[in-house]
Amino acid sequence: MVSFSLSPNTPKVILYTSFSSTMAAATANTTFPKASPLTSSFKSSIPFSKSILPFSTTPQKLTPSRSLQISSSLSQSSSNPRSGATTVIPIVSPSHDFVSRYAPDEPRKGADILVEALEREGVKDVFAYPGGASLEIHQALTRSKIIRNVLPRHEQGGVFAAEGYARSSGLPGVCIATSGPGATNLVSGLSDAMLDSIPLVAITGQVPRRMIGTDAFQETPIVEVTRSITKHNYLVLDVDEIPRIVSEAFFLATSGRPGPVLIDVPKDIQQQLAVPKWNQPIRLPGYMSRFPKAPEEAHLEQIVRFVSESKKPVLYVGGGCLNSSEELKRFVELTGIPVASTLMGLGTFPSSDELSLQMLGMHGTVYANYAVDKSDLLLAFGVRFDDRVTGKLETFASRAKIVHIDIDSAEIGKNKQPHVSVCADVKLALKGINRILESKGAKLKLDHSAWRQELNEQKLKNPLSYNTFGEAIPPQYAIQVLDELTNGNAIISTGVGQHQMWAAQFYKYKKPRQWLTSGGLGAMGFGLPAAIGAAVANPGAVVVDIDGDGSFIMNVQELATIRVENLPIKILLLNNQHLGMVVQWEDRFYKANRAHTYLGDPSNESEIFPNMLKFAEACGIPAARVTRKEDLRAAIHQMLDTPGPYLLDVVVPHQEHVLPMIPSGGAFKDMITEGDGRTQY
């Protein structure tokens with residue numbers, strides 16, 4: 001029996017299958033005197049096309065892997081490609097077969113089977129921190145000639161690095177940790193990947209099967225701990241199931257709405273000798289049965305009709321469009337519709353394009369939020385109507401017809417009811433819409449020039465701006481200079497807070513996967529390890545971590561990893577000695593009462609504390625501090641020109657506020673555009 005939980009809005013479905021009772025399981029019961037039935041919890045149901053890597057610097061690519069076989073309980077279903085009941089997903093055959101370092105009938109440890117399974121999935125880099133329950137896996141990794149382990153200095157650093165790898169390359173990231181505290185240290189990263197739809201495979205060691213449920217040393221029921229923050233998870237109970245489980249994990253992580261998958265491997269399974277069977281078909285009948293149909297032509301025709309009838313259309317695009325950038329640009333070229341992006345969607349459409357409205361939402365531009373508020377047609381592609389975008393739902397796009405295209409059926413109508421919805425891969429939907437637009441050509445007579453002129457006036461009237469006070473360095477200016485000196489081509493990672501929003505506003509992203517940030521979870525400490533993952537995946541790219549002092553210090557230990565791996569990561573640290581975003585809320589809504597948001601030394605406020613340059617020095621990383629605006633450009637030049645890693649500590653005033661700002665739960669009319677911490681409210 002297999003139990004699938006489709007989404008919070010759908011009933012549980014029970015399927016009876018012929019699965020072996022000894023197969024590996026993600027189960028609701030962690031005390032296993034013997035193997036038990038399989039319980040699975042899936043959060044998404046929909047296929048996802050392979051990503052297209054956008055950088056001119058070619059990232060590492062997956063090595064060829066075997067063809068993927070998928071068995072389904074729907075074997076009698078129609079062969080019509082429009083049918084959602086497809087039984088076999090076609091995978092391009094490899095150019096050559098994988099060559100194992102073992103003879104076909106040679107027994108080897110479960111840990112070696114696991115590592116070879118990763119190799120067969122094309123994995124070249126993992127972020128793994130060893131411990132007692134994962135020691136066998138690390139020993140097996142040393143025997144691999146294919147996989148490189150980038151050793152983080154904390155498991156959270158490892159999972160965030162795996163995320164940075166996945167976000168910047170489109171390939172699944174892989175992290176490994178031991179049982180107990182090692183596994184629980186992955187929780188923030190798994191939750192982050194779940195909320196931002198990042199393909200991730202996390203592997204954890206576990207105590208031996210006979211000790212599960214006995215409160216053994218470093219035992220944590222990590223399957224139960226992570227059930228609601230992973231797309232799916234497994235507890236391996238049979239060494240023979242490892243090849244199939246790994247294949248399923250990668251398929252689940254990268255198909256449909258991507259997400260994290262966890263595999264928990266007891267130590268005795270890692271040590272057990274076995275001869276692997278590599279050609280096992282994966283068995284996911286419930287998951288496969290819920291693939292959406294191809295976009296219906298009638299729905300696409302209706303969307304085109306809405307476009308032709310509208311006077312004030314606007315595109316609202318999110319992270320679901322990262323693999324559809326070319327199709328999106330073609331759609332904009334055909335229609336002339338302006339584009340507003342979510343935080344996660346930055347880079348899907350070039351920020352410097354005249355039709356770009358940049359970011360919308362709480363800290364979005366005035367003109368992006370104006371466009372949505374005044375629009376008569378909102379084309380919501382690959383988005384989830386997040387509260388930081390919509391504010392007060394009743395007033396968001398209240399004048400507009402709404403078209404929602406998303407790969408996850410659970411998102412359709414969850415927060416905002418659309419007039420037309422298409423549950424499909426945005427890439428396929430846009431291709432279909434573009435085909436219709438091209439066939440109709442001039443007959444549509446699309447002319448939104450008056451609307452574009454109205455929005456251009458808003459751009460001139462309400463540009464992104466900031467004030468300068470004496471010699472102090474405006475943090476926004478620091479990011480503008482970085483954008484100029486890198487020509488907008490760097491991969492940017494961030495922590496969470498004011499610096500994150502300024503990096504979203506003032507760096508002009510040209511391509512998808514340039515922008516790496518913790519969006520849904522808002523996890524401080526994300527920026528530095530994410531930059532590690534990006535640098536590993538894109539060895540020729542310029543990678544810059546724009547960070548705040550609060551976020552940076554949460555994973556400062558990863559400086560050691562950067563130095564040892566000699567990764568050329570640049571750290572632009574905007575240091576205001578405060579927890580800046582919380583300070584901004586204190587200024588605006590709590591009469592500037594400071595409630596533990598000062599991060600310096602209260603006994604010596606005139607000194608910068610802690611001295612970030614000493615952290616860099618301890619790890620052998622060049623570093624400098626700049627305090628005056630007139631010295632900033634030369635300091636950033638020096639940072640970019642120095643080979644290898646570099647930390648630039650940019651001291652900025654803590655009174656700066658991120659503007660514009662729509663207060664939480666507010667509407668466009670409530671937008672704040674003026675003021676800072678120097679003013680009383």
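Predicted model: local features only at pLDDT ≥ 70, side-chain atom pairs only at ≥ 80, totals over all residues.
Let's start in a loop: Pro 610 sits between α21 (580-589) and α22 (612-618). Residues are numbered from 1 along each chain as its sequence is written, and side-chain values use heavy atoms, with hydrogens and water left out.

There is another cis bond to find, running from Leu 659 to Pro 660, with omega near 0 degrees. Look for Pro 660 in the segment after β24 (646-651).

## The whole protein

Now zoom out. Of its 681 residues, 58% count as buried. Buried means under 20% relative accessible area, exposed means over 50%, and partly exposed is what lies in between (1.4 Å probe, protein chains only).

A contact here means heavy atoms within 4.5 Å.

## Helix α14 and its partner α10

Helix α14 (residues 426-440) meets helix α10 (residues 297-309), with axes that come within 10 Å and cross at roughly 60 degrees. The axes are lines fitted to C-alpha atoms, for helices over the stretch in contact, and angles run from 0 to 180 degrees between N-to-C directions. That angle makes α10 and α14 oblique to each other. As for the labels, under 35 degrees is roughly parallel, over 145 roughly antiparallel, 65 to 115 roughly perpendicular, and the rest oblique.

The α10 and α14 crossing is right-handed. Handedness works like this: if the near helix is turned from the far one by less than a right angle, anticlockwise is left-handed and clockwise is right-handed. On the α10 side, the residues that meet α14 are Glu 297, Leu 300, Glu 301, Ile 303 and Val 304. Their partners in α14 include Ala 429, Gly 432 and Ile 433. By class, the residues of this contact are seven nonpolar, one polar and four charged. Ala, Val, Leu, Ile, Met, Phe, Trp, Tyr, Cys and Pro count as nonpolar, Asp, Glu, Lys and Arg as charged, and the others, Gly among them, as polar.

## Helix α14 and its partner α11

Helix α11 (residues 325-335) also packs with α14, at an angle of about 30 degrees and with the axes 9 Å apart. So α11 is roughly parallel to α14. This crossing is left-handed. From α11, the residues Glu 327, Leu 328, Arg 330, Phe 331, Leu 334 and Thr 335 meet a set in α14 that includes Lys 427, Leu 430 and Ile 433. The contact of α11 with α14 has six nonpolar, two polar and five charged residues.

Leu 379 is in strand β16 (residues 377-381), and at 0% relative accessibility it counts as buried. Beyond its neighbours within four places in sequence, Leu 379 touches residues including Ile 303, Phe 331 and Ile 337. Leu 379 and Ile 337 are 42 residues apart along the chain, yet their C-alpha atoms are separated by 9.6 Å.

Ser 551 belongs to helix α19 (residues 549-554) and is buried, with a relative accessible area of 3%. Which backbone atom lies 3.1 Å from a polar atom of the Ser 551 side chain? That would be the backbone nitrogen of Val 496.

Thr 365 is in the loop between β15 (356-359) and α12 (366-374), and is buried at 3% relative accessible area. Leaving out residues up to four places away in sequence, Thr 365 touches several others, among them Leu 357, Pro 660 and Met 671.

## Two positive phi angles

Ser 197 is not a glycine, but its phi is positive, near 60 degrees. Ser 197 lies in the loop between α5 (187-196) and β8 (200-206). Is Ser 197 buried or exposed? At 19% relative accessibility, Ser 197 counts as buried.

Lys 591, also not a glycine, has a positive phi of about 55 degrees. Find Lys 591 in the loop between α21 and α22. Lys 591 is exposed, with a relative accessible area of 75%.

Methods. Helix = DSSP H or I, 4+ residues; strand = E, 2+ residues; numbered from the N terminus. Polar contact = N/O pair within 3.5 Å; in protein donor to acceptor, adjacent residues only side chain to side chain.
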